[in-house]
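Here is a note for a colleague who is opening this structure for the first time. Please keep the model in view while reading the numbered points.

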Amino acid sequence: MADQFFPPGMPLPASDPSSEDAGFWEACGRHELVVQRCTDCGTFRHTPEVICYKCLSFNYEWHRVSGKGRIYSHMNVVYPTHPALRERVPYNAILVELEDAQGIRMVGNLVDCSYEDIHIGMPVEVCFEDHPDKDVTLPLWKRLDQ
Amino acid sequence: MAEEFSIKDKVCVVGIGETEFTKAGVITRSEFQLACEAIVKAVDDAGLKMTDINGICSYANDRNEAVRLATALGIPDLAFSNMQWSGGGGGGSASVANACAAIVAGYAKNVVAFRALAQGQFGRFGQGLAARSDRITGQAAYTAPFGVMTAGQNLAAMPARRHMHEFGTKHEHFGAISMASYKHAQRNPRAIMYGRPLTMETYLNSRWIAEPLHLFDCCLENDGAAAAVLTSAERAKDLKPRPVYIMAAAQGNGFRYGAGAHNGPNYVTTNHDVVAPRLWQMAGIGPQDVDVAQFYENFTPLVLMSIEDYGFCKKGEGGPFVEGGRIEWPDGELPINTSGGNLAEAYIHGFELITEGVRQVRGTSNCQVKDAEISLVVSGPGVTPVSSLILRR
């Protein structure tokens, strides 16, 4: 537990029947990063939704992506906005543009880098943080040396 | 061509009312009472009786429901009530626009639009469910577990960083927006930051909230309420206050702007890029015609991007645009946030920017732009949906 990015007490994700996103979190549990893709027109979408915004199809698949991307933007959170973060600030949050999913972005944290070394365009790769007692796995990010 | 279906120049603001504004938690009267007080003042300012009011509009899921207000205030026949969906402060101008629509459509004659916000009693707006839940679902499940929970973190910090990267925007540019609000607040005794001027040095040395956001990039947290009374241009002529015409109003949400986890296609825009063209089209004027503007400051980088989205400069040039006092009263070309705005007057979810926009047209602002005829109000950049107004003499 000690090597988790955040201390215990943070809100953890739960799947939401109204957006049918259980598949995303189940894939994280297998240490696979997936993006929802329309099986009729091929459009990716994130965060998950029941319908394709482009062709209005309700058919989709969970498409496994490489898990590689580049930092699109980032911040260093200093003011703790949740009780569990009081002793944890500062921490980084990054926005990653995936390399192989039509520009889909994901929000996460870079686990192995001081904030000063983070820059836009930096290549990163997904890594997974298991929370076995809570039955959930979070997708986080690590530097990808070119 | 669709002139007859436009609200242009058909409705006027004839009354405004505000409670005092304080830091969150100072006012001990209930939020509902604050709503009533602001509405009573606005109706009185218009020279109307409460029994003349037959419509109530608000936004941001205001807790003080129209029917409770109508009941408490003795309104005999509430013919129209309306809540602008979601969008937090982005719905401010839309609440006025919806009142206009009701009046032009004949649903109601005299309509109140208002916002009451006692953050001391109900907690900070935008804090989100994440702070109170072990498990989080929906779009927030893709941000909150990574410590990205608040409006500042979601709407402003990372888009600001991207804007800085793409266009070379500097902290001093964001600081210029904060400085303008604080400078103007020094002339406004109603302002929370009255008597507390800000220097660029203090701004730059202020603590980080979420770098690149400094403390002074973020709006205040307050208690208070504000309201406006609207009626038809025809009826406004018979009332005592100088009528303030609604020249145009627009609201909206761009393509996929509401996509979760920062997946909106236009990352360094505020959602006003889709609303602004409709606003200018309805008004039949452009940014060059604006005398004074109120740009909702939830966070200063979003003000800078709104200025771009309304076409006062090109996308990416907002930084240089705000330099050199251009946005400061009295000498700037485009004075903005002349009461001190959300940063230095009070954060009443931007309704206090609407009342200030009205004062500018009436000629009663503490930072009065000489002979101001065209007054722009921009509500809630970076949220979904957003809205804006053009007020005129």
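1. In chain A, strand β2 (residues 34-38) and β3(A) pair in the antiparallel sense over two bridges, where two strands are said to pair if DSSP finds at least two bridges between them. Within this pairing, A:Q36 stands opposite A:R45 in β3(A). Helices (H or I, at least four residues) and strands (E, at least two) are DSSP runs, numbered from the N terminus.

2. This is a predicted model, in which local features need pLDDT of at least 70 and side-chain atom pairs count only at pLDDT 80 or more, while totals for chains, interfaces and linings use all residues. Residues are numbered from 1 along each chain as its sequence is written, and chains are lettered from A and ligands numbered from 1 in the order in which they are written. The model scores ipTM 0.98 and pTM 0.96. Chain B averages a pLDDT of 95, with 97% of the residues scoring at least 70; pLDDT is the predictor's confidence in each residue, from 0 to 100.

3. The pairing of the first point belongs to an open sheet of three strands in chain A, in the order β3-β2-β4, with antiparallel pairing. Its edge strands are β3 (44-45) and β4 (60-64) of chain A, each of which pairs on one side only.

4. Turning to the two chains together, 33 residues of chain A are in contact with 36 residues of chain B, contact meaning that the C-beta atoms of two residues, placed from the backbone, lie within 7 Å. On the side of chain A that touches chain B, the elements giving two or more residues are β1 (12-13), β5 (68-77), β6 (91-98) and β7 (105-108) of chain A, and β5(A) gives the most, with six residues. By class, this side of chain A has 21 nonpolar, ten polar and two charged residues; Ala, Val, Leu, Ile, Met, Phe, Trp, Tyr, Cys and Pro count as nonpolar, Asp, Glu, Lys and Arg as charged, and the others, Gly among them, as polar.

5. Strand pairing also links the chains, since two bridges join β5(A) to strand β7 (residues 208-211) of chain B, and these strands run antiparallel. In β7(B), the bridge partner of A:N76 is B:E211.

6. In chain B, strand β10 (residues 244-252) is mostly covered, as eight of its nine residues are buried (buried: 20 or more other C-beta atoms within 10 Å of a residue's own; exposed: 12 or fewer; partly exposed: in between; C-beta atoms placed from the backbone). Two bridges join strand β1 (residues 11-18) of chain B to β10(B) in antiparallel fashion, and B:V13 stands opposite B:V244 in β10(B). Seven bridges join β10(B) to strand β13 (residues 386-392) of chain B, again antiparallel, and in β13(B) the bridge partner of B:G252 is B:V386.

7. The axes of helix α6 (residues 171-185) and helix α10 (residues 300-309) of chain B come within 8 Å and cross at roughly 95°, which makes α6(B) roughly perpendicular to α10(B). The contact is made by B:H173, B:F174, B:I177 and B:S178 of α6(B) and by B:T300, B:P301, B:V303 and B:L304 of α10(B). Axes are lines fitted to C-alpha atoms, for helices over the stretch in contact, and angles run from 0 to 180 degrees between N-to-C directions; those under 35 degrees count as roughly parallel, over 145 as roughly antiparallel, 65 to 115 as roughly perpendicular and the rest as oblique.
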